[in-house]
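User: Please take one close look at the cavities, the ligand and the pockets. I want one connected account, with the cut-offs spelled out.

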Amino acid sequence: MEERKGFGSNFGFLMAAVGSAVGLGNIWGFPYKMGANGGFTFLLVYIFLGVTCGFIVMISELAMGRKTGKGAVEAYKIVSKKFKWMGWLGIASAFFILFFYCALGGYCIKYVVLNVGDLFNAGFGSNVFAETAAANGTSTGAEAWSALIANPTEAIIYGLIFVALTMLIVLGGVGGGIEKVCSIGMPALFVALMICIVRSCTLPGAVDGLKYMFIPGWAVANGVIEKSPNLFQVFATAGGQMFFSLSLGMGAMITYGSYLDKKENIQKNGLLIVIMDSIVAFMAALCVLPGRFALDPNGDLGGPGLLFVTMQNVFSRMGSIGPLFGILFYLLVVFAAVSSSISLLEVIVAHFVDKARDAGKGDKRKAYTLIATAAVSLGCVLVCADAMGTSNFSPADLLGITEPKAWAADWLDFWDCISEGIMMPLGALLMTFMVAYEIGPEFVKNEVEQCGNKFSMYKFYRFCIKYVTPLGLLLVLYGQIKSFFF
Ligand code: PHE
């Protein structure tokens with residue numbers, strides 16, 4: 001039988017796992033959610049949930065993957081009687097997330113191209129101190145966004161380019177494709193983000209962005225948001241954000257864990273993934289919010305507007321250097337998104353490849369990657385063609401709903417609400433039940449302690465997984481359902 005090839009080094013694994021975690025959730029979701037939910041309070045709640053829920057589920061998923069050496073579907077089948085169907089929930093989530101994630105990734109590629117065009121338009125001879133986009137010859141965010149919405153064909157093409165990029169990397173396999181791309185790309189992303197933070201925080205007026213982030217109540221006092229959310233809502237928003245951001249509750253970390261060498265330390269890796277993902281989310285907020293407050297103080301804060309209207313306004317108003325920062329920033333976002341989408345596609349591909357290999361049919365990675373990609377492309381085309389609900393076939397149109405909630409307004413939010421809002425927190429909740437009350441926390445302990453590694457936080461882990469994590473997850477799930485649908 002062919003050998004199942006995993007990661008070549010622990011560094012490679014770590015970069016791939018952090019690459020999965022760091023994505024649109026960090027760069028787009030975290031900044032505006034943090035600001036709109038009490039800034040510093042949100043950060044504290046986020047850290048608390050990261051330690052008591054995120055870290056706990058992360059360790060459990062990595063251990064489950066490595067113990068079984070299989071993708072999500074087989075892993076659940078091997079360890080549990082009652083929850084053996086859960087892997088399929090993960091595969092379905094992976095598809096649903098990919099549908100909208102690839103569309104958004106495609107939009108980001110479009111913005112890279114747009115800024116390359118602006119670079120030539122603005123030219124180096126233009127007025128560096130010009131304050132308006134027109135004088136600079138650059139595209140405003142509103143122009144760029146409405147052009148994209150008005151032209152679904154273009155959005156579809158960019159979406160499919162993103163899908164193709166994801167496919168090419170996954171075709172290369174775990175060690176050859178995913179690990180190589182992430183080992184170079186993640187450090188590069190970090191450097192690019194640092195450069196953007198320095199530029200953003202030194203803009204005149206940037207300090208308002210920092211106040212928005214760090215001073216509780218500032219956003220309400222200054223009319224940026226209407227009223228401060230209650231603590232429960234902060235809790236639910238922070239929790240939902242964190243699970244999505246850490247790629248938990250749908251089998252991505254089970255799958256990556258299954259390729260991890262027995263001698264590697266799961267506790268240390270799990271901690272590092274959670275810490276690095278949170279640091280990047282925080283860094284993204286330091287890049288996006290000060291820029292927004294300095295150069296587009298009345299701009300959108302939440303939803304796609306922040307990334308695709310407000311940030312583009314920021315670049316178009318930076319003078320002739322703006323497009324260069326625009327290119328750097330959107331490239332960074334494209335990379336963050338690709339390193340996440342490859343882990344989503346790998347959840348699907350790993351399962352079918354394992355099955356083929358176990359049946360003695362050899363490694364059919366190529367065939368299964370192509371089939372999965374074709375299915376993902378269909379969903380991505382639907383989201384792009386719907387153009388944020390401006391088509392006549394949005395979920396609300398099809399269901400005859402006249403005043404739709406977010407989930408029905410457009411296909412992008414539809415897939416997002418089902419996967420991020422319900423399936424992922426539900427997946428994580430059921431998995432903690434399984435570990436705590438069916439297979440027992442010792443299962444995880446035994447796996448973490450392979451090859452002489454110590455699980456020094458085991459007591460904390462056991463306490464959390466039995467009581468704190470399920471309770472936290474229940475509240476998060478309840479809050480998410482409430483905010484999406486009611
Ligand atoms: N963690 C990614 C982000 O923050 C999204 C993701 C979710 C990736 C689930 C893989 C699995 O954008």
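Analyst: The largest cavity is lined by 17 residues, and those nearest its centre are Ser20, Phe244, Ser247, Ser340 and Leu344. A cavity here is a set of points, on a 1 Å grid over the protein atoms alone, where a 1.4 Å probe fits but cannot get out; lining residues have an atom within 4 Å of a point. The model is predicted: local features need pLDDT of at least 70 and side-chain atom pairs 80 or more, while totals for chains, interfaces and linings use all residues. Residues are numbered from 1 along each chain as its sequence is written, and side-chain values use heavy atoms, without hydrogens or water.

The volume of the largest cavity is about 140 Å³ (the space filled by probe spheres set on the points, which are joined across faces, edges and corners). Four cavities reach 30 Å³ or more. H1, H2, helix H5 (86-122), H12 and H16 each give the largest cavity at least two lining residues; helices are DSSP runs of H or I, at least four residues long, numbered from the N terminus. By class, this lining holds nine nonpolar, eight polar and no charged residues. Asp, Glu, Lys and Arg count as charged; Ala, Val, Leu, Ile, Met, Phe, Trp, Tyr, Cys and Pro as nonpolar; the others, Gly among them, as polar.

The shell around the ligand has 15 residues, the closest being Ala21, Gly25, Tyr101, Phe244 and Ser245 (a heavy atom within 4 Å). Helices H1 (10-21), H2 (24-36), H12 (231-245) and H16 (322-358) each supply at least two of the shell residues. This shell, too, has no charged residues, with seven nonpolar and eight polar.

Now the polar contacts (pairs of N or O atoms within 3.5 Å). A ligand nitrogen lies 3.2 Å from a polar backbone atom of Ser20. A ligand nitrogen is also 2.9 Å from a polar backbone atom of Ala21. At Tyr101, a side-chain N or O atom is 2.5 Å from a ligand oxygen. The protein covers 100% of the 320 Å² of accessible area that the ligand has on its own (Shrake-Rupley, 1.4 Å probe).

The largest pocket holds about 920 Å³. A pocket is an open set with protein on both sides within 12 Å along at least five of seven lines. Its lining has 36 residues, with Tyr32, Lys33, Thr237, Gly303 and Phe484 closest to its centre. H2 gives the largest share of this lining, seven residues.

Note on methods
A polar contact is a pair of N or O atoms within 3.5 Å; within protein, one must be able to donate a hydrogen and the other to accept it, and residues adjacent in sequence count only if both atoms are side-chain atoms.
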